[in-house]
Amino acid sequence: MRNSEKNKMARFCDFNVPYSENTENLRQIVEMAIKLGYESVALNCTVTPGTTKGQAVVPPPPKPVELSEATLAPFMVQGKAFQQLTRLTAIIETHEQKYKVNPNNSTITAYDILAVQPLNLKMFEAACKELEVDIISLDMTQKLPFFLRLTPIKRAIARGVHFEIVYAPAIRDSTLRRYVISNATDLMTFCKGKNIVLSSQAEKAIELRGPHDVANLGVLFGMNQAQAKDAVSINCRSALLHAETRGSAVGVISIERIMKQTPGVISVERIPSASTDKRALEKDSGEGQDREDPPGKKPKLVAKKKIK
Amino acid sequence: MVRFKHRYVLAELVFGNDLLVYNVTQRVVYAAVRDIIEQLHGGYGIGLFTPGMSVKYINEYTRMVMVRCRRENLKILASAIPFIKHLPDGKGGQFPCFLRTLHVGGSIKACQKWLVQHNRQVLPTLLLRCTSEEEKSRMRKSIFDSTIVKEEPWTEGKNDT
Amino acid sequence: MKRIVSKGDAPYYYLKVLLEFEDKTMTVDVLTFRTVIMKAMMSMYGEIGAAVPIDILKYDVETMSAILRVAGSNMVKLWGALTMLSYYDEKPCAFRVEQVSPFLMALAASSRQLLLHTKE
């Protein structure tokens, strides 16, 4: 198979591996993910945006896990690379917190993927309609604090925002299982299986499941076979592309600097987008960044359509 | 557009002893139905079934129970109801009983209309079962209460024997 | 040769599964394996699920891997129940489903399990 065709094949992703200081545990989880066939993993930091002054709004993104050559060997043989991304999940409850989650904050843009977990209906609607996020995550392990509505969900799908269903809590505990199933099936009736991302939130390596197994869980929740397989592969890639357009001007031009090239691993440093703030723009002009729009004009960030 | 459609199952609680000794509440019936679904259909069944399920009406004297479920879960509910073998009797024990499904309707109003008709036929037999005058009047009152529909209030005259 | 076209659910599905315990030294015999599968179906799908006929066609004690057969309409249920199992007898474990196919022949050689030699 030609290399270009290989790149279009399903690339299984798990976009919710909770980041913890316990690097040994994290390494085991990532190694298990590689063994199961995942090609892309996102280390997730969950934070409630800080409200006290002097404290950084969000912590800086975590460093990728060190993986040995032996673990990465199967990837190298096939000519693929294992991708470790960073993801931020902001738990938002008040409008104040909502405003903290915006692409102007450089620490936030340093993360590859931006996700949000709304705790009430107002935040959910804000996340679906306006917020510049890639994934909306709902805590499915309890009765949802608000009823899902069709209009915000339709709006979110049109914008290219994805909804996340997490499966490890269902595996861990049989009582949580029924909440996950009932919330997930409810979500399915509204979004009809589109724009769903299935991910693990596994705290131990034993809680991970292979990508085809997870796709079958999607079928259980109410998707059909094709949608379920998309939920672990193509929809994740779609969310990632949506995230990348945040760092670009008009969704077309972006700058990437390839940092180190250890065989089998690509880590990419994204240069944050041209800020919409006029003062910052004038400051940036000295660095010679490529800009499509003249300073002062807000670059329009358009959500990219799903690319298969 | 996305409106959940429901089905209302009207069932009669049957137990051997004709006298009403047991205190059966909505919560008790809800717990019994939920437990039987869990036993038969497991975690998956409970997850699908519980949202939208509730016990809408219960009449201890005529022993009528109305359970609501979502339209797609009707088969699960209807097939699980016969498996209920006993209910807690409020004193820590359990009394043997079963639920006899009488009618399935699409709305509470439809079920109520059917219930009125059913009561008209069954009331004479029910009154015969009551021993004291006080029980008879209580029975009559509960039947009248159950047959009152908001749009057309039934008067006592129509339900008189 | 006559061509046979079949649509819809296959009569049987064959699953190649592997039971993995967190404690690597544990092994189970075939009867316990069957109980584990039944417990998984029971916890997820209740008594009706546990009654689904599942056959173990082959079982290997050392690797704890097996080939299961289940009726087509029940395949998704079995697969989901195996995925959701996290504990057996208070020990953390996981089922790894390696291959699923309506044809037993497909399980004989799978390109997904090809081991490519790498420099050690």
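This is a predicted model: local features need pLDDT of at least 70, side-chain atom pairs count only at pLDDT 80 or more; totals for chains, interfaces and linings use all residues.
**Exercise 1: chains B and C**

Task: How many salt bridges are counted between chain B and chain C, and how much area is buried between them?

Solution. 
- Step 1. Start with the rule: a salt bridge is a side-chain nitrogen of Lys or Arg within 4 Å of a carboxyl oxygen of Asp or Glu. Between chain B and chain C the count is 0 salt bridges.
- Step 2. Residues are numbered from 1 along each chain as its sequence is written, and chains are lettered from A and ligands numbered from 1 in the order in which they are written.
- Step 3. Now look for contacts (heavy atoms within 4.5 Å). You'll find 8 residues of chain B in contact with 8 residues of chain C.
- Step 4. The size of an interface is often given as the accessible area lost when the parts come together. Buried area here is what two parts lose on being put together, summed over both, with a 1.4 Å probe. For chain B and chain C that comes to about 540 Å², and carbon and sulfur atoms give 54% of it.
- Step 5. On the chain B side, B:Q39, B:L40 and B:Y44 lose the most area to chain C, together 68% of what that side buries.

**Exercise 2: a sketch of chain C**

Solution. 
- Step 1. Helices (H or I, at least four residues) and strands (E, at least two) are DSSP runs, numbered from the N terminus. Chain C has 2 helices and 5 strands, and along the sequence they read β-α-β-β-α-β-β.
- Step 2. Check the extent: the C-alpha trace spans about 50 × 50 × 20 Å along its principal axes.
- Step 3. Sort by accessibility: buried means under 20% relative accessible area, exposed over 50%, and partly exposed in between (1.4 Å probe, protein chains only). Of the 120 residues of chain C, 43% are buried.
- Step 4. Take the contacts in chain C with a separation of 6 or more: residues 24 or more positions apart account for 68% of them.

**Exercise 3: salt bridges along and across the chain**

Solution. 
- Step 1. Over all chains the structure holds 16 salt bridges.
- Step 2. A:R27 bridges to A:E31, with the closest N and O atoms 2.6 Å apart. They're 4 residues apart in helix α2 (residues 23-36) of chain A, so about one helical turn separates them. A:R27 is partly exposed at 27% relative accessibility, and A:E31 is partly exposed at 23%.
- Step 3. A:R149 and A:E125 meet in a salt bridge at 3.9 Å, N to O. This pair links distant parts of the chain, 24 residues apart: A:R149 is in the loop between β5 (135-137) and α7 (150-159) of chain A, and A:E125 is in helix α6 (residues 121-129) of chain A. Both ends are partly exposed, A:R149 at 42% and A:E125 at 25%.
- Step 4. In chain C, the closest N and O atoms of C:E20 and C:R96 are 3.5 Å apart, forming a salt bridge. C:E20 lies in strand β1 (residues 12-21) and C:R96 in strand β5 (residues 91-101), so the pair ties together parts 76 residues apart in sequence. C:E20 is buried at 9%, and C:R96 is buried at 7%.
- Step 5. Zoom out a bit: A:K35, C:E20, C:K24 and C:R96 are linked in a network of salt bridges.

Note on methods: Side-chain values use heavy atoms; hydrogens and water are left out.
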